Amino acid sequence: MRRADLVAGVLLLALAGVYLQQSVGIERGFASDRLGPAFFPQLLGATLAVLAGALVVRAVLKRSDPTPLPPARVGLLWAVVGLLVGYAVVMPYVGFLLATPPLLAAVTVALGLRQPLLVVAPALGITLVLYAVFGRLLGVLFPRGPLGGW
């Protein structure tokens, strides 16, 4: 049995339980559809619970992969966390369209890709696709920044 799988599975089960418990309190509005606003959070919580349960079962049945885990890249983890915190702080002021490409490019560089075209093009493309699908097609409100409602 791999203890890491067991511990991770139990912790994720606890997280799923808290998440599901919190999603039960989402109130249904006047204009809500048949499924209601709590459907998607509850779907995510249930999916997390099922997958975490499977991880626990695999660990208990000794079906986990016995090979040692690769060494953790803690520096990379903290770099990405720092970039995400900076992104959350800056986005309300500069907007989604100006904050997202630098974040995606910086994470790509942190992961080791250094070719400028392979860093910049996907960062711009992903940002524009996300904005088109969520901002325009689905009507999700993004922080506007100086570009306004472009």
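Does Asp5 count as buried or exposed, and what is its relative accessibility? At 16% relative accessibility, Asp5 counts as buried, where buried means under 20% relative accessible area, exposed over 50%, and partly exposed in between, with a 1.4 Å probe and protein chains only. The model is predicted, so local features need pLDDT of at least 70 and side-chain atom pairs count only at pLDDT 80 or more, while totals for chains, interfaces and linings use all residues. Residues are numbered from 1 along each chain as its sequence is written, and side-chain values use heavy atoms, with hydrogens and water left out.

**The chain as a whole**
- The secondary structure comes to five helices and zero strands, these being DSSP runs numbered from the N terminus (helices are H or I with at least four residues, strands are E with at least two).
- The radius of gyration of the chain is 20 Å, well over the 15 Å that the globule rule gives for 150 residues, so the chain is more spread out than a compact globule; this radius is taken over C-alpha atoms, and the rule is 2.2 Å times the number of residues to the power 0.38.
- Along the principal axes, the C-alpha atoms fill a box of roughly 55 × 50 × 25 Å.
- Of the 150 residues in the chain, 20% are buried.
- Among contacts between residues at least 6 apart in sequence, 59% join residues at least 24 apart, a contact meaning heavy atoms within 4.5 Å.

**Asp5 in helix α1**
- Asp5 lies in helix α1, which covers residues 3-24.
- Leaving aside neighbours within four places in sequence, Asp5 is in contact with Leu55, Ala59 and Ser64.

**Helix α4**
- Helix α4, residues 96-110, has 15 residues and reaches 21 Å from its first C-alpha to its last, close to the 21 Å expected at 1.5 Å a residue; the expected span is 1.5 Å times one less than the number of residues.
- The buried residues of α4 are Phe96, Leu97, Ala99, Thr100, Pro101, Leu103 and Ala105, and what covers them includes α3 (74-94) and α5 (116-137).
- After α4 comes Gly112, whose phi is positive, near 115°.

**Thr127 in helix α5**
- Thr127 has its place in helix α5 and counts as buried, at 2% relative accessibility.
- Not counting residues up to four places away in sequence, Thr127 touches Phe96, Leu97, Thr100, Pro101 and Leu104.
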